[in-house]
Amino acid sequence: VSCPHNKTPNMGDKEDKSQELREKLVNSDSGSNLSSSSAGAGMEDWGRKSVVTLALTVLTSSQGLLIAASKANGVKYDYAVTSANCTVETTKMLMSLLALVKIWRTVGVNEDNRISTSWSELWVYPIPAALYLVKNLLQYYVFLYVDAPSYQILKNLNIISTGILYRIFLKKILSGVQWSALILLALGCTIAQLTSGSDQVLSTPFMGLMMAIVMAILSGAAGVYTELIMKKQPKRNVNAQNVYLYLFGVIFNMVAIFLYDYDAVFGRGYFYGYNAIVCTMILNHSLSGIAVSLVMKYADNIVKVYSTSVAMILTTLVSIPLFGFQLTLPFVLGTSVVSVAVYLHYQSKDTPQPPGALTK
(Lines give C-alpha, C1' and ligand atoms only; values in the text may rest on other atoms or scores of the structure.)
Protein backbone atom coordinates (compact mmCIF):
# COMPACT_ATOMS: atom_id res chain seq x y z
CA VAL A 1 0.00 0.00 0.00
CA SER A 2 2.83 2.31 0.91
CA CYS A 3 4.70 1.76 -2.32
CA PRO A 4 2.08 3.18 -4.67
CA HIS A 5 1.47 5.98 -2.19
CA ASN A 6 5.13 6.95 -2.21
CA LYS A 7 5.55 6.59 -5.91
CA THR A 8 2.84 9.06 -6.89
CA PRO A 9 4.48 12.18 -5.41
CA ASN A 10 7.78 11.25 -7.03
CA MET A 11 6.16 11.16 -10.46
CA GLY A 12 4.54 14.50 -9.72
CA ASP A 13 7.87 15.97 -8.72
CA LYS A 14 9.43 14.78 -11.94
CA GLU A 15 6.63 16.35 -13.98
CA ASP A 16 7.01 19.65 -12.08
CA LYS A 17 10.75 19.63 -12.65
CA SER A 18 10.25 18.88 -16.34
CA GLN A 19 7.83 21.77 -16.62
CA GLU A 20 10.27 24.11 -14.85
CA LEU A 21 13.04 22.95 -17.17
CA ARG A 22 10.89 23.64 -20.24
CA GLU A 23 10.03 27.13 -18.93
CA LYS A 24 13.70 27.88 -18.31
CA LEU A 25 14.57 26.77 -21.81
CA VAL A 26 11.82 28.97 -23.28
CA ASN A 27 12.92 31.95 -21.19
CA SER A 28 16.52 31.31 -22.12
CA ASP A 29 15.64 31.24 -25.82
CA SER A 30 13.62 34.46 -25.48
CA GLY A 31 16.45 36.18 -23.64
CA SER A 32 18.91 34.95 -26.23
CA ASN A 33 16.73 36.27 -29.05
CA LEU A 34 16.36 39.65 -27.31
CA SER A 35 20.09 39.78 -26.69
CA SER A 36 20.83 38.90 -30.32
CA SER A 37 18.32 41.49 -31.52
CA SER A 38 19.86 44.18 -29.29
CA ALA A 39 23.35 43.25 -30.41
CA GLY A 40 22.28 43.37 -34.06
CA ALA A 41 20.67 46.80 -33.59
CA GLY A 42 23.77 48.02 -31.78
CA MET A 43 26.06 46.84 -34.58
CA GLU A 44 23.81 48.47 -37.19
CA ASP A 45 23.81 51.75 -35.26
CA TRP A 46 27.60 51.62 -34.83
CA GLY A 47 28.07 50.88 -38.53
CA ARG A 48 25.85 53.79 -39.54
CA LYS A 49 27.72 56.21 -37.28
CA SER A 50 31.07 54.97 -38.59
CA VAL A 51 30.08 55.38 -42.24
CA VAL A 52 28.77 58.94 -41.93
CA THR A 53 31.70 60.02 -39.75
CA LEU A 54 34.22 58.51 -42.17
CA ALA A 55 32.45 60.17 -45.11
CA LEU A 56 32.54 63.54 -43.34
CA THR A 57 36.24 63.08 -42.57
CA VAL A 58 37.14 62.31 -46.18
CA LEU A 59 35.01 65.14 -47.60
CA THR A 60 36.34 67.72 -45.14
CA SER A 61 39.90 66.73 -45.98
CA SER A 62 39.60 68.25 -49.43
CA GLN A 63 37.27 71.15 -48.61
CA GLY A 64 39.85 73.81 -47.75
CA LEU A 65 42.16 72.74 -50.57
CA LEU A 66 39.36 73.10 -53.13
CA ILE A 67 38.43 76.58 -51.91
CA ALA A 68 42.06 77.69 -52.15
CA ALA A 69 42.41 76.11 -55.59
CA SER A 70 39.26 77.83 -56.86
CA LYS A 71 40.88 81.27 -56.58
CA ALA A 72 42.04 82.65 -59.93
CA ASN A 73 45.86 82.77 -59.88
CA GLY A 74 45.62 82.18 -56.13
CA VAL A 75 44.51 85.78 -55.59
CA LYS A 76 40.74 86.26 -55.94
CA TYR A 77 37.56 84.46 -56.99
CA ASP A 78 36.32 84.85 -60.56
CA TYR A 79 32.91 83.56 -59.50
CA ALA A 80 30.50 85.19 -57.04
CA VAL A 81 30.82 83.43 -53.69
CA THR A 82 27.13 84.08 -52.94
CA SER A 83 26.26 82.28 -56.18
CA ALA A 84 28.46 79.30 -55.26
CA ASN A 85 27.02 79.15 -51.75
CA CYS A 86 23.46 79.34 -53.08
CA THR A 87 24.22 76.52 -55.53
CA VAL A 88 25.55 74.41 -52.64
CA GLU A 89 22.34 74.91 -50.64
CA THR A 90 20.19 74.16 -53.70
CA THR A 91 22.14 70.99 -54.42
CA LYS A 92 21.79 69.81 -50.82
CA MET A 93 18.06 70.49 -50.87
CA LEU A 94 17.60 68.54 -54.12
CA MET A 95 19.66 65.62 -52.77
CA SER A 96 17.53 65.47 -49.64
CA LEU A 97 14.32 65.75 -51.66
CA LEU A 98 15.37 62.92 -54.00
CA ALA A 99 16.21 60.73 -51.00
CA LEU A 100 12.81 61.55 -49.54
CA VAL A 101 11.00 60.66 -52.78
CA LYS A 102 12.78 57.30 -52.77
CA ILE A 103 11.56 56.68 -49.22
CA TRP A 104 8.01 57.66 -50.19
CA ARG A 105 8.04 55.10 -53.01
CA THR A 106 9.33 52.42 -50.65
CA VAL A 107 7.34 52.88 -47.43
CA GLY A 108 4.84 55.56 -48.42
CA VAL A 109 4.16 58.97 -46.88
CA ASN A 110 3.67 59.04 -43.10
CA GLU A 111 3.91 61.44 -40.18
CA ASP A 112 7.67 60.94 -39.88
CA ASN A 113 8.65 61.65 -43.50
CA ARG A 114 6.05 64.10 -44.76
CA ILE A 115 7.15 67.62 -45.70
CA SER A 116 3.86 69.42 -45.21
CA THR A 117 3.97 70.73 -41.66
CA SER A 118 2.94 73.53 -39.35
CA TRP A 119 4.79 76.76 -38.70
CA SER A 120 5.31 75.58 -35.09
CA GLU A 121 7.82 73.07 -36.50
CA LEU A 122 9.23 75.25 -39.28
CA TRP A 123 10.10 78.34 -37.25
CA VAL A 124 13.25 76.80 -35.73
CA TYR A 125 14.98 76.21 -39.09
CA PRO A 126 15.62 79.82 -40.22
CA ILE A 127 17.94 80.34 -37.21
CA PRO A 128 20.60 77.75 -38.11
CA ALA A 129 20.12 78.52 -41.82
CA ALA A 130 21.05 82.17 -41.17
CA LEU A 131 24.03 81.16 -39.03
CA TYR A 132 25.30 78.80 -41.72
CA LEU A 133 24.86 81.50 -44.37
CA VAL A 134 27.21 83.93 -42.61
CA LYS A 135 29.64 81.20 -41.58
CA ASN A 136 29.88 79.70 -45.09
CA LEU A 137 30.38 83.08 -46.76
CA LEU A 138 33.07 84.02 -44.23
CA GLN A 139 34.82 80.79 -45.12
CA TYR A 140 35.51 82.15 -48.62
CA TYR A 141 36.60 85.58 -47.44
CA VAL A 142 38.99 84.21 -44.82
CA PHE A 143 41.00 82.67 -47.68
CA LEU A 144 41.58 86.18 -49.06
CA TYR A 145 43.64 86.97 -45.94
CA VAL A 146 45.26 83.68 -44.91
CA ASP A 147 46.88 80.69 -46.57
CA ALA A 148 45.75 77.08 -46.19
CA PRO A 149 47.98 76.21 -43.16
CA SER A 150 46.87 79.33 -41.29
CA TYR A 151 43.24 78.58 -42.13
CA GLN A 152 43.56 75.04 -40.75
CA ILE A 153 45.05 76.33 -37.51
CA LEU A 154 42.45 79.08 -37.02
CA LYS A 155 39.68 76.61 -37.85
CA ASN A 156 40.51 74.74 -34.64
CA LEU A 157 38.96 77.59 -32.65
CA ASN A 158 35.56 75.99 -33.27
CA ILE A 159 36.60 73.03 -31.10
CA ILE A 160 36.49 75.14 -27.95
CA SER A 161 33.39 77.10 -29.00
CA THR A 162 31.57 73.85 -29.78
CA GLY A 163 32.33 72.44 -26.34
CA ILE A 164 31.07 75.59 -24.59
CA LEU A 165 27.92 75.89 -26.70
CA TYR A 166 27.31 72.15 -26.38
CA ARG A 167 27.07 72.70 -22.63
CA ILE A 168 24.89 75.84 -22.90
CA PHE A 169 22.36 74.75 -25.54
CA LEU A 170 22.12 70.99 -25.03
CA LYS A 171 22.60 71.17 -21.24
CA LYS A 172 25.17 68.37 -21.44
CA ILE A 173 27.90 68.35 -18.86
CA LEU A 174 31.38 67.70 -20.20
CA SER A 175 33.71 66.12 -17.69
CA GLY A 176 37.11 67.52 -16.86
CA VAL A 177 38.65 64.77 -18.96
CA GLN A 178 36.51 65.75 -21.95
CA TRP A 179 37.47 69.42 -21.60
CA SER A 180 41.10 68.38 -21.41
CA ALA A 181 40.60 66.24 -24.50
CA LEU A 182 39.14 69.20 -26.41
CA ILE A 183 42.10 71.38 -25.49
CA LEU A 184 44.55 68.61 -26.34
CA LEU A 185 42.85 68.17 -29.69
CA ALA A 186 43.21 71.87 -30.51
CA LEU A 187 46.87 71.79 -29.48
CA GLY A 188 47.53 68.59 -31.38
CA CYS A 189 46.01 69.87 -34.60
CA THR A 190 48.01 73.08 -34.27
CA ILE A 191 51.28 71.25 -33.61
CA ALA A 192 50.67 68.99 -36.60
CA GLN A 193 50.54 72.01 -38.91
CA LEU A 194 53.77 73.59 -37.71
CA THR A 195 56.75 73.54 -40.05
CA SER A 196 60.30 74.89 -40.04
CA GLY A 197 58.77 78.24 -41.03
CA SER A 198 56.00 78.08 -38.46
CA ASP A 199 57.01 81.40 -36.93
CA GLN A 200 55.23 83.05 -39.86
CA VAL A 201 52.16 80.79 -39.93
CA LEU A 202 50.10 82.85 -37.48
CA SER A 203 51.12 86.21 -38.92
CA THR A 204 47.55 86.78 -40.00
CA PRO A 205 46.06 90.19 -40.81
CA PHE A 206 43.72 91.48 -38.10
CA MET A 207 40.69 91.33 -40.41
CA GLY A 208 41.41 87.70 -41.31
CA LEU A 209 41.84 86.79 -37.65
CA MET A 210 38.56 88.42 -36.65
CA MET A 211 36.74 86.66 -39.49
CA ALA A 212 38.18 83.33 -38.39
CA ILE A 213 37.08 83.88 -34.78
CA VAL A 214 33.55 84.88 -35.81
CA MET A 215 33.40 81.92 -38.20
CA ALA A 216 34.43 79.53 -35.40
CA ILE A 217 31.73 80.87 -33.05
CA LEU A 218 29.06 80.71 -35.78
CA SER A 219 30.16 77.21 -36.75
CA GLY A 220 29.80 75.99 -33.17
CA ALA A 221 26.44 77.73 -32.66
CA ALA A 222 24.96 76.52 -35.95
CA GLY A 223 26.19 72.96 -35.39
CA VAL A 224 24.91 72.62 -31.84
CA TYR A 225 21.57 74.30 -32.65
CA THR A 226 21.04 72.03 -35.65
CA GLU A 227 21.78 68.96 -33.52
CA LEU A 228 19.22 70.20 -30.98
CA ILE A 229 16.60 70.42 -33.73
CA MET A 230 17.48 67.03 -35.20
CA LYS A 231 17.35 65.17 -31.91
CA LYS A 232 14.30 66.97 -30.54
CA GLN A 233 12.29 64.89 -33.02
CA PRO A 234 14.24 61.60 -33.19
CA LYS A 235 11.58 59.81 -35.25
CA ARG A 236 11.42 62.58 -37.86
CA ASN A 237 13.10 61.57 -41.10
CA VAL A 238 16.45 63.35 -41.44
CA ASN A 239 15.85 64.07 -45.15
CA ALA A 240 12.61 65.92 -44.36
CA GLN A 241 14.43 67.98 -41.72
CA ASN A 242 17.19 68.72 -44.23
CA VAL A 243 14.69 69.93 -46.84
CA TYR A 244 13.42 72.53 -44.36
CA LEU A 245 16.93 73.64 -43.37
CA TYR A 246 18.26 73.90 -46.91
CA LEU A 247 15.10 75.58 -48.21
CA PHE A 248 15.64 78.46 -45.81
CA GLY A 249 19.32 78.37 -46.77
CA VAL A 250 18.42 78.90 -50.43
CA ILE A 251 16.04 81.75 -49.54
CA PHE A 252 18.65 83.54 -47.41
CA ASN A 253 21.35 83.08 -50.07
CA MET A 254 19.06 84.56 -52.72
CA VAL A 255 18.53 87.56 -50.44
CA ALA A 256 22.32 87.85 -50.04
CA ILE A 257 22.76 87.82 -53.83
CA PHE A 258 20.24 90.64 -54.28
CA LEU A 259 21.77 92.71 -51.48
CA TYR A 260 25.49 92.25 -52.12
CA ASP A 261 26.19 90.61 -55.49
CA TYR A 262 23.31 91.70 -57.70
CA ASP A 263 25.48 93.35 -60.38
CA ALA A 264 28.07 90.55 -60.42
CA VAL A 265 25.53 87.71 -60.59
CA PHE A 266 22.91 89.23 -62.90
CA GLY A 267 25.34 91.34 -64.89
CA ARG A 268 27.89 88.64 -65.75
CA GLY A 269 25.62 85.63 -65.24
CA TYR A 270 24.85 83.33 -62.34
CA PHE A 271 27.39 80.68 -63.39
CA TYR A 272 30.12 83.08 -64.47
CA GLY A 273 33.56 81.85 -63.42
CA TYR A 274 32.45 78.27 -62.83
CA ASN A 275 34.98 75.65 -63.92
CA ALA A 276 35.78 72.03 -63.07
CA ILE A 277 37.42 72.96 -59.75
CA VAL A 278 34.52 75.19 -58.70
CA CYS A 279 31.97 72.52 -59.62
CA THR A 280 33.96 69.90 -57.68
CA MET A 281 34.12 72.27 -54.71
CA ILE A 282 30.35 72.81 -54.82
CA LEU A 283 29.71 69.04 -54.94
CA ASN A 284 32.15 68.52 -52.07
CA HIS A 285 30.44 71.18 -49.93
CA SER A 286 27.03 69.68 -50.72
CA LEU A 287 28.01 66.14 -49.74
CA SER A 288 29.78 67.48 -46.65
CA GLY A 289 26.60 69.24 -45.54
CA ILE A 290 24.57 66.05 -45.92
CA ALA A 291 27.20 64.09 -43.98
CA VAL A 292 27.19 66.69 -41.18
CA SER A 293 23.41 66.42 -40.79
CA LEU A 294 23.63 62.62 -40.63
CA VAL A 295 26.34 62.83 -37.97
CA MET A 296 24.17 65.20 -35.91
CA LYS A 297 21.13 62.93 -36.32
CA TYR A 298 22.79 59.62 -35.50
CA ALA A 299 25.91 60.65 -33.55
CA ASP A 300 26.62 64.07 -32.02
CA ASN A 301 28.28 67.38 -32.80
CA ILE A 302 31.42 66.47 -30.84
CA VAL A 303 31.92 63.58 -33.28
CA LYS A 304 31.67 66.12 -36.11
CA VAL A 305 34.37 68.21 -34.47
CA TYR A 306 36.69 65.25 -34.14
CA SER A 307 36.06 64.05 -37.70
CA THR A 308 36.83 67.49 -39.14
CA SER A 309 39.96 67.79 -37.01
CA VAL A 310 41.23 64.36 -37.99
CA ALA A 311 40.49 65.37 -41.59
CA MET A 312 43.19 68.03 -41.30
CA ILE A 313 45.69 65.32 -40.44
CA LEU A 314 44.39 63.17 -43.30
CA THR A 315 44.85 66.10 -45.69
CA THR A 316 48.53 66.23 -44.81
CA LEU A 317 48.89 62.47 -45.27
CA VAL A 318 47.30 62.64 -48.72
CA SER A 319 49.63 65.52 -49.59
CA ILE A 320 52.70 63.29 -49.12
CA PRO A 321 52.26 61.24 -52.35
CA LEU A 322 50.36 63.92 -54.30
CA PHE A 323 52.38 67.04 -53.53
CA GLY A 324 55.62 65.67 -52.12
CA PHE A 325 54.90 66.79 -48.56
CA GLN A 326 57.78 66.02 -46.17
CA LEU A 327 56.76 64.28 -42.96
CA THR A 328 58.05 66.29 -39.99
CA LEU A 329 58.47 65.73 -36.26
CA PRO A 330 55.73 68.28 -35.38
CA PHE A 331 53.29 66.38 -37.59
CA VAL A 332 54.08 63.07 -35.89
CA LEU A 333 53.79 64.66 -32.43
CA GLY A 334 50.53 66.41 -33.36
CA THR A 335 49.03 63.19 -34.70
CA SER A 336 49.93 61.44 -31.44
CA VAL A 337 48.31 64.17 -29.35
CA VAL A 338 45.13 64.01 -31.47
CA SER A 339 44.98 60.22 -31.03
CA VAL A 340 45.29 60.58 -27.25
CA ALA A 341 42.59 63.27 -27.22
CA VAL A 342 40.15 61.08 -29.17
CA TYR A 343 40.83 58.15 -26.83
CA LEU A 344 40.33 60.28 -23.71
CA HIS A 345 37.06 61.72 -25.00
CA TYR A 346 35.46 58.38 -25.79
CA GLN A 347 36.92 56.69 -22.71
CA SER A 348 35.34 59.43 -20.61
CA LYS A 349 31.94 58.90 -22.30
CA ASP A 350 32.00 55.24 -21.21
CA THR A 351 32.71 56.14 -17.56
CA PRO A 352 29.59 55.99 -15.33
CA GLN A 353 28.41 59.46 -14.33
CA PRO A 354 27.20 60.35 -10.80
CA PRO A 355 23.47 61.02 -10.29
CA GLY A 356 22.45 64.42 -11.59
CA ALA A 357 25.42 64.71 -13.94
CA LEU A 358 23.53 63.44 -16.97
CA THR A 359 21.38 65.41 -19.35
CA LYS A 360 17.84 66.02 -18.12
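**Salt bridges and a helix in a predicted model**

The structure, a predicted model, holds three salt bridges.

Student: How far apart are the closest N and O atoms of Lys 92 and Glu 89?

Tutor: Lys 92 and Glu 89 lie three residues apart in helix α2, so about one helical turn separates them. Both residues are buried. They form a salt bridge, and the distance between the closest N and O atoms is 2.9 Å.

Student: Is Glu 111 buried or exposed?

Tutor: Glu 111 forms a salt bridge with Arg 114, with the closest N and O atoms 3.0 Å apart. Arg 114 is partly exposed, at a relative accessible area of 23%. Exposed means over 50%, and Glu 111 has 57% relative accessibility, so Glu 111 counts as exposed.

Student: How many residues apart are Arg 236 and Glu 121?

Tutor: The side chains of Arg 236 and Glu 121 meet in a salt bridge, 2.9 Å from N to O. Arg 236 is in the loop between α8 and α9, whereas Glu 121 is in helix α3; the pair links distant parts of the chain, and the separation is 115 residues.

Student: Which residue just after α6 takes a positive phi?

Tutor: Just after α6, a positive phi of about 55° is taken by Lys 171.

Note on methods
Residues are numbered from 1 along each chain as its sequence is written. This is a predicted model: local features need pLDDT of at least 70, side-chain atom pairs count only at pLDDT 80 or more; totals for chains, interfaces and linings use all residues. Side-chain values use heavy atoms; hydrogens and water are left out. Helices (H or I, at least four residues) and strands (E, at least two) are DSSP runs, numbered from the N terminus. A salt bridge is a side-chain nitrogen of Lys or Arg within 4 Å of a carboxyl oxygen of Asp or Glu. Buried means under 20% relative accessible area, exposed over 50%, partly exposed in between (1.4 Å probe, protein chains only).
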